[in-house]
Amino acid sequence: MRRNRKAKIVATLGPASGDLETISALFEAGVDMFRFNFSHGSHEDHRARHEIVRSLETKYGRPVAILCDLQGPKIRLGTFNGDSAVLTEGSQFVLDRDQTPGDATRVYLPHPELFEVVKAGQNLLFDDGKIRVSIESNSGDRIVTRVTTGGKISNRKGVNVPDAILPIPAMTPKDLVDLEFALSLGVDWVALSFVQQVSDIEDARKIIGDRALIQSKIEKPAAMLDIDAICKASDSVMVARGDLGVELPISQVPRAQKEIIRVSRKYGRPTIVATHMLESMTESPMPTRAEASDVANAIYEGADAVMLSAESASGKNPVRAVQMMDSIIKEVESDPVYRTLLDAQQVAPRPTPEDAICNALRDTTAAIKAAGTVTYTKSGSTSMSAARVRPTTSILSITPELKTARRLAWVWGIHSIVGGKDVHSVDDMVSEAIAAAVHEGFAKKGDYITISAGLPFGESGTTNLLHIATVK
């Protein structure tokens, strides 16, 4: 089952899409990776969905990627008398350590770490940014603020702190339990929420090891301040526009999205653009024109994948949403301007044999008008490096490792299959590459294909070979 597009689709599973019939329909409609959102659902819910997704591999003969998205640290207010209060613009509002219910003048803040770092002049946002306050003073047990945007506030609403790096780990005790469960299932990717600095990724990698790859969700202004180092330390990146759009001025989000994609591409890290992509399709059978343009723009910008959240997890039209996203991507990729933009965004090769080979692979493929590009990879690195340079053809990635094939399933342009176990010479490699290219629909008699691999075969990090073959 080959996708007739290079950019990929990620869909979140949930109450509206947890059964075999719907998950199968989503995959047939175009989903390349399924997201399990651990902010919702029980472990048994996720286990059942995991078994269904893995069964698709047997049914369709295609590797499928699974992303475990951890909830991350959530900062919340305490409770209010009568369950809510109205904050008036210009009034004083205090956050303190008194656990009694609050009112329009004060509320309990059950997060001592905030008292340690916030200071006068900084801002706090409540309820996804609907209410904003400016900090006037912090005595260590009382944070005195002035309301700049008022409104009704209710129990345990979320708190965003855009102006400070909080001394809290990216993974909570709940996340650690969820992570071990997800790894025991065999998920392919783990998404870290609210990454603030490189140490968040390093701490996670000590736990995860090589059991899964790490995706950093960029949703904090602090992460944007060190975006180069965070992208470099990650295996992939998600532009998580929900919380990013709360903590950053909304006018800055499009620019931030472009910067994250650009920097990720520089380091060869695949990117997902997420949140509110086809939000109206949660209820409506059709998206708005603005939403269609939003999806299209993410593809024009060079993103590897676009993601559905509530649209596929709890919406009324999960399969239709995937079909719509699929059609938008195909329309963009049929536009000659898309290729022009990809070429204009081309990044310089890193000083490695792998990048030198993959850049030559891209140029050779274009020069001889090859029908397909074939990469042999064990860890996935060669195929990701090939995807980084955005060749003119799709990439047929051949790997002896099923886990690698799954991990690559959502990366731009990659059609991943398991193979290469019996390749011991260049002749073996060429024969298998040609057979696979024909079988998978990449090439026919008389076509050229370009092949990259490493000698000796089967060793990671040895990409040093570029070969042109003719299908006979």
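A salt bridge is taken here as a side-chain nitrogen of Lys or Arg within 4 Å of a carboxyl oxygen of Asp or Glu. The model is a predicted one, in which local features need pLDDT of at least 70 and side-chain atom pairs count only at pLDDT 80 or more, while totals for chains, interfaces and linings use all residues. Residues are numbered from 1 along each chain as its sequence is written, and side-chain values use heavy atoms, with hydrogens and water left out.

**Stop 1: charged pairs**

Select Arg3, Arg5, Asp32, Asp326 and Lys330, which a network of salt bridges links. The count of salt bridges comes to 29.

Next, display Lys217 and Asp69, whose side chains form a salt bridge of 3.0 Å, N to O. Lys217 belongs to strand β13 and Asp69 to strand β3, 148 residues apart. Helices (H or I, at least four residues) and strands (E, at least two) are DSSP runs, numbered from the N terminus. Both Lys217 and Asp69 are buried; buried means under 20% relative accessible area, exposed over 50%, and partly exposed in between, with a 1.4 Å probe and protein chains only.

Then move to Asp304 and Arg390, where the closest N and O atoms of the salt bridge are 3.2 Å apart. Asp304 sits in the loop between α10 (289-300) and β16 (305-308), and Arg390 in the loop between α15 (381-388) and β18 (395-399), so this pair ties together parts 86 residues apart in sequence. Asp304 is buried at 4% relative accessibility, and Arg390 is buried at 2%.

**Stop 2: the barrel**

Colour the strands β1, β2, β3, β12, β13, β14, β15 and β16: in that order the eight close into a barrel with parallel pairing. Two strands pair if DSSP finds at least two bridges between them. Between β12 and β13, four bridges are present; in β13, Gln215 is the bridge partner of Ala191. Helix α2 (residues 43-60) packs on the sheet, where it touches β1 (8-13), β2 (33-37) and β3 (65-69). Contact means heavy atoms within 4.5 Å.

**Stop 3: helix α5**

Which residues of helix α5 are buried? Select residues 198-208 and show the side chains of Val198, Asp200, Ile201, Ala204 and Ile208, the buried residues of this helix. Viewed down the axis of α5, they fall within an arc of 155 degrees, so they line one face of the helix; the arc is that of the directions from the helix axis to the C-beta atoms. Their packing partners are α4 (173-185), β12 (189-192), β13 (213-218) and α7 (227-233). Just after α5, Gly209 has a positive phi of about 60 degrees.

**Stop 4: the nonpolar cores**

A nonpolar core is a set of buried Ala, Val, Leu, Ile, Met, Phe, Trp, Tyr and Cys residues joined through side-chain atoms within 4.5 Å. The largest has 72 residues, and Phe34, Val190, Val306 and Met325 have the most contacts inside it. Helix α12 (residues 318-333) supplies the largest share of this core, seven residues. A second, separate core of 25 residues includes Leu77, Phe80, Ala85 and Ile135.

**Stop 5: backbone details**

Finish with the loop between β7 (123-126) and β8 (131-138), which holds Asp127. Although not a glycine, Asp127 has a positive phi of about 55 degrees. Asp128 likewise has a positive phi of about 55 degrees and is not a glycine. Asp127 is buried at 14% relative accessibility, whereas Asp128 is exposed at 53%. Lastly, the peptide bond from Leu455 to Pro456 is cis, with omega near 0 degrees.

Methods: Axes fitted to C-alpha atoms, helices over the stretch in contact; angles between N-to-C directions.
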